[in-house]
Amino acid sequence: MRNLFLVIFVFCSTFCVVAGDNEPAKETSPDDTLKVYYLNEVVISSSVKETNALKSLPTAISVVSPKQLQDARIESLPRLSAFIPNFFIPSYGSKVSTPIYIRGVGARLGSQTVSLYVDNVPSFNPSAFDFEFQDIQRIEVLRGAQGTLYGRNAIGGIVNMYTLSPLSFQGTKLMVSGGNYGQFSAKGSDYRKLSDRFGLSLAGYYKRDDGYFMNSYTGKKVDASENAGGRFKLEWQASPSFKAMLFGNYDYVSGGAFPYMHEDSTASSFNEPSSYDRHLFTNGLSLDYTGNGFTIHSTTGFQYLKDDMKMDQDYSPKSVFSINQKQKQHSVSQEVTVKSDRRGNYRWVVGAFGFVDNREIDTPVALKEDMVAVLQQPLDRLMESIGAPLRLEYANDRIDLPGIYTKPSRGAALFHQSTFNNLFGVEGFSATAGIRFDYEHTGLDYFTESDGGDINMVFQTPMPIPPIFVEGDTLLEGSFRKDFWKILPKFALKYQMSPTSQVYLSASKGYKTGGYNEQVFSDVLQGALMESLIRNIKPYVPGNVQLPEMPPMAPIEGQLSYDPETSWTYELGGRYEMLDRRFSLTYALFYTHVNNLQITQLAKQGTSGRTIANAGKSDSKGFELSLKYVPMDNLSFFAEYGFADARFVKYEIGEEGDDQIDYSGNHVPFAPQHTLSLGASYIHHLPYGSFIDRVIGNIQYQGVGKIYWTESNQNDAGTKELYQPFYGMTNANIAVEKGAFGLECWVENLFNTKYNSFLFEQNDVTTDEMNTFVQRGYPTRFGATLRYTFNR
């Protein structure tokens, strides 16, 4: 496959050179405008909240343009790591989880630590984060706590996406792409003005692949997938002072998932279905009014998510246990901001935000015959220990643990931010201060039971006694509620030395909501089932047989509940542009302190699912550096590097004594210590009248690591460190363009770098052996893309 790609790549390169040599040099056509697009791309950027201009915010910010998205083939959020230091999105086997790690702060499960907004509409579930990009106008990533203006779940930062406007761009875009592993995608969009004041855009896409990893048990690929969707946007410039926008997005995902395999294997091997399907609707209505010295912006958002996840949770050919999780989520949000719109030394914004979110989760867990055999063992030992002349036998070879959990939440917030320019009469010196009052009410309504947990009492006496059927199933039902109040301040000082250089110092507080973890109910219900069995067999046990007393069950709310996570981020940074703005430098040094860090833990070595717990305190400190250099009009280089040392400051598990485990000083798992991206882009314009207008080449190296996989930073036996070393991948593409058409040949992971994107340890309950499972990184992928872009 690699040889085939090299042939394609050499062919494209040779074709471009030959085409250029066929014509003598001529002056560039005055109609050749793509040169301006590629080298001096202007990205319109404005914010409905910030009191500072986006390019001079006193915080670490990266703005990714359409050119960068196309050059790096960034087609979804996980690929965005390529241009942003200390920003990392791993692949954990399906789109049900899209964790974002910024500066060592992130989470695999539970509430997100980085919030996502699309055209100012927020997403409330990480399951909605991974969707196909199409016609993105720009992406902003603000790193560090952004709680003052964005509130809950912005403890690590914010991702803002904006799509193209039919009032500012009119045209048609078509794209078709194919590659190895059955990769195929097609996109189309049309933008037009229906009148001078009314614009409409329609877009659609389809994408598929055959998968990359085999399941040796079925002989089929584990992770084949399909993705389709569409989008519309209506914009109405009713008057110079009033504008309205209505948009709707739909995204559908269907395919295999969780290609986890034993670390010594090259393929997965499990017998239960493993898949993920999702329907996602995101809709928004924006209203903008410009008054005399102020603007008013209103955004109403609605999001509907419905998904279905199936997972073989023992990841083996054995029939131990599996899960089928279904979600339905309805989210409605409303935000109104009023912002100053006059040039002067004082700028301000005030706003209010409210939301209602309702999430229903149906998570039936099935304990299969191999697991039932394991559960039989403690019953046998119990009867042997008390010398009872009977045997307790499970009546079924399967126990189902169905459960329906509703998680309602609602919240409201008020916020304000002021910026004072030319403070104390010093030109370029400014101060920004803000505060947010945030309230949230959240809860859990649960109904879960066991089905099939009955037993037969088989008496082993000289005189035959018929077996007695004893019902053992149990039911848990109830509700919990809690409230959170948070005050989220922010302070920043900035000195603008010149229009192209600045330095700033900032401090901001972040807040990640707490809640209830329904996944732990599998473990809670198994304990309740055993208690029910002992209680129900007592009336049938002879009086001379003393059954052991079951310890009282711990309060359910305490087992399910986890507290909010809060942080303070302190940052020193600056931006500089030199050499007639051909060279730019951006840097930031940061320190983040987190209280009540929420961390994902495997319950009982992974045999009872995963749970979220508060892990004391952690610190993350490091720096970021971005360099961009354009030595000539057709050549550019960039480098992005981030270092984040995230460690537990205080994290102890268990009661004080010999059994207590202290993880203090260990690295926070799943967050990389280093991120690195190096790249170059070259554009060769051919003489006017040539068969080809231009040739564009891009090459990029992206590296990430070290990534620790456990809180202990070691394997279960404590014999070695458990981490993914630093690794890097090379991506490249070369494109030729003629008028509205473009043909691109591309390759990803050119040198087929081997790495693990995920690793975890899990106990095999049937053998009591600890197994290590991994998800391999994607192999070399290559293909070609044909584009047509017609600007009206």
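Predicted model: local features only at pLDDT ≥ 70, side-chain atom pairs only at ≥ 80, totals over all residues.
Residues are numbered from 1 along each chain as its sequence is written, and side-chain values use heavy atoms, leaving out hydrogens and water.

Keep everything selected and show the C-alpha atoms. They fill a box of roughly 110 × 65 × 50 Å along the principal axes.

Switch to a cartoon view. The protein has seven helices and 47 strands. These are DSSP runs numbered from the N terminus, helices being H or I with at least four residues and strands E with at least two.

Now select helix H5, residues 369–386. Its 18 residues reach 26 Å from first C-alpha to last, close to the 26 Å expected at 1.5 Å a residue; the expected span is 1.5 Å times one less than the number of residues. Buried residues in H5 include Met371, Leu375, Leu379 and Met383. What covers the buried residues of H5? Strand E20 (365–367), strand E21 (390–394), strand E22 (399–401) and helix H6 (521–537) are among the elements that do. After H5 comes glycine 387, with a positive phi near 65 degrees.

Next, select the aromatic residues. The whole structure holds 41 aromatic pairs. Rings of Phe, Tyr and Trp (its six-membered ring) pair if their centres lie within 6.5 Å; planes under 30 degrees apart count as stacked, over 60 as edge-to-face and the rest as tilted.

Zoom in on phenylalanine 623 and phenylalanine 643. Their ring centres are 6.1 Å apart and their planes are at 40 degrees, so the pair is tilted. Phenylalanine 623 is in strand E35 (residues 617–632) and phenylalanine 643 in strand E36 (residues 635–650), 20 residues apart. Phenylalanine 623 is partly exposed at 34% relative accessibility, and phenylalanine 643 is partly exposed at 23%.

For a cluster linked by ring pairs, select Tyr92, Phe258, Tyr260, Tyr315, Phe670, Trp709, Phe758, Phe760 and Phe773.

Finish with lysine 706, whose charged end sits over the ring of tyrosine 723, 4.2 Å from its centre. This requires NZ of Lys or CZ of Arg within 6 Å of the ring centre and within 35 degrees of the ring normal.

Definitions and conventions: Buried < 20%, exposed > 50% of the residue type's maximum accessible area, 1.4 Å probe, protein only. Contact = heavy atoms within 4.5 Å.
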